[in-house]
Amino acid sequence: WEQNGLVVTNDKATSTSNVADYANPARFYKGSSLTIECTLGNITKIEVTCNTAAYATALQTSVGAEATVAEKLVTIVPSAESATYVVAALTAQVRVNEFTVTYGEGGETPENPDPEDPVYSNSSSSIEICRLSSETL
């Protein structure tokens with residue numbers, strides 16, 4: 001999936017299930033890899049809204065110490081500065097409704113950002129997988 005400067009890739013990796021473009025919600029199977037790339041800058045935070053709290057817990061388990069979970073929301077704060085974040089192998093199936101990525105220098109927007117300054121006018125970007133049309137997938 002690609003939208004708003006984000007690219008989300010689901011690779012089969014060691015999964016026994018084939019990858020498909022399921023949406024509403026998106027499905028990521030046990031053993032598959034998940035890559036989130038931001039073409040707008042380095043990722044400072046990823047918020048993943050899962051379909052249920054159980055799927056959120058499964059994603060948190062796959063990510064490890066960089067992730068926290070609250071209900072259906074998983075927040076990932078990468079330990080390394082990069083425009084790409086990879087979960088090499090999911091430990092269980094995960095269903096996702098939305099990815100929101102914060103990017104840039106430290107993930108902080110100045111107190112009074114210039115709305116015309118492209119560095120700060122889009123300090124976060126979202127991809128709502130459950131709302132993508134079949135043409136986008």
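S62 is buried, with a relative accessible area of 15%. A quick caution before going on: what you're looking at is a predicted model. S62 sits in helix 1, and leaving aside residues up to four places away in sequence, this serine touches V87, A89, L90, T91 and A92.

S32 is also buried, with a relative accessible area of 2%. You'll find S32 in the loop between strand 3 and strand 4. Not counting residues up to four places away in sequence, S32 touches N10, D11, K12, A13, S15, V87, A88, A89 and L90. With N10 there is a side-chain link too: a polar contact of 3.4 Å joins the two side chains. As for A13, S32 is 19 residues away from it in sequence, yet the C-alpha atoms of the two are 4.9 Å apart in space.

## The chain as a whole

Now for the overall layout. The chain has two helices and 10 strands, and reading from the N terminus, the elements go β-β-β-β-β-α-β-β-β-β-α-β. There are 137 residues in the chain, and buried ones make up 34% of them. The accessible surface comes to about 7,400 Å², with 44% of that belonging to carbon and sulfur atoms.

If you take the contacts with a separation of 6 or more, residues 24 or more positions apart account for 70% of them.

In soluble globular proteins, nonpolar side chains tend to be buried together. Here the largest nonpolar core has 27 residues, and F28 and V48 touch the most other members. Strand 9 gives the largest share, with five residues.

Leaving out residues up to four places away in sequence, V48 touches L59, K72, L73, V74, I76, V96, E98 and F99.

## One aromatic pair

The model has one aromatic pair. The ring centres of F28 and F99 are 6.1 Å apart and the ring planes stand at 85°, so this is an edge-to-face pair. F28 belongs to strand 3 and F99 to strand 9, so the pair ties together parts that are 71 residues apart in sequence. Both phenylalanines, F28 and F99, are buried.

## Sheet and hairpin

Four strands make an open sheet in the order 1-2-4-8, with antiparallel pairing. Strand 1 (2-3) and strand 8 are at the edges with a single partner strand each, so each has one side left without a neighbour in the sheet. Strand 4 and strand 8 run antiparallel and are joined by four bridges; in this part of the sheet, I36 stands opposite Y85 of strand 8.

Elsewhere, strand 6 (residues 67-70) pairs with strand 7, again in the antiparallel sense, over four bridges. T68 has T75 in strand 7 as its bridge partner. The hairpin made by strand 6 and strand 7 has two residues between the strands, and E71 takes a positive phi near 60° there.

Conventions: Residues are numbered from 1 along each chain as its sequence is written. This is a predicted model: local features need pLDDT of at least 70, side-chain atom pairs count only at pLDDT 80 or more; totals for chains, interfaces and linings use all residues. Side-chain values use heavy atoms; hydrogens and water are left out. A nonpolar core is a set of buried Ala, Val, Leu, Ile, Met, Phe, Trp, Tyr and Cys residues joined through side-chain atoms within 4.5 Å. Buried means under 20% relative accessible area, exposed over 50%, partly exposed in between (1.4 Å probe, protein chains only). Contact means heavy atoms within 4.5 Å. Rings of Phe, Tyr and Trp (its six-membered ring) pair if their centres lie within 6.5 Å; planes under 30 degrees apart count as stacked, over 60 as edge-to-face and the rest as tilted. A polar contact is a pair of N or O atoms within 3.5 Å; within protein, one must be able to donate a hydrogen and the other to accept it, and residues adjacent in sequence count only if both atoms are side-chain atoms. Two strands pair if DSSP finds at least two bridges between them. Accessible areas come from the Shrake-Rupley method with a 1.4 Å probe; for residues, only the protein chains shown count as cover.
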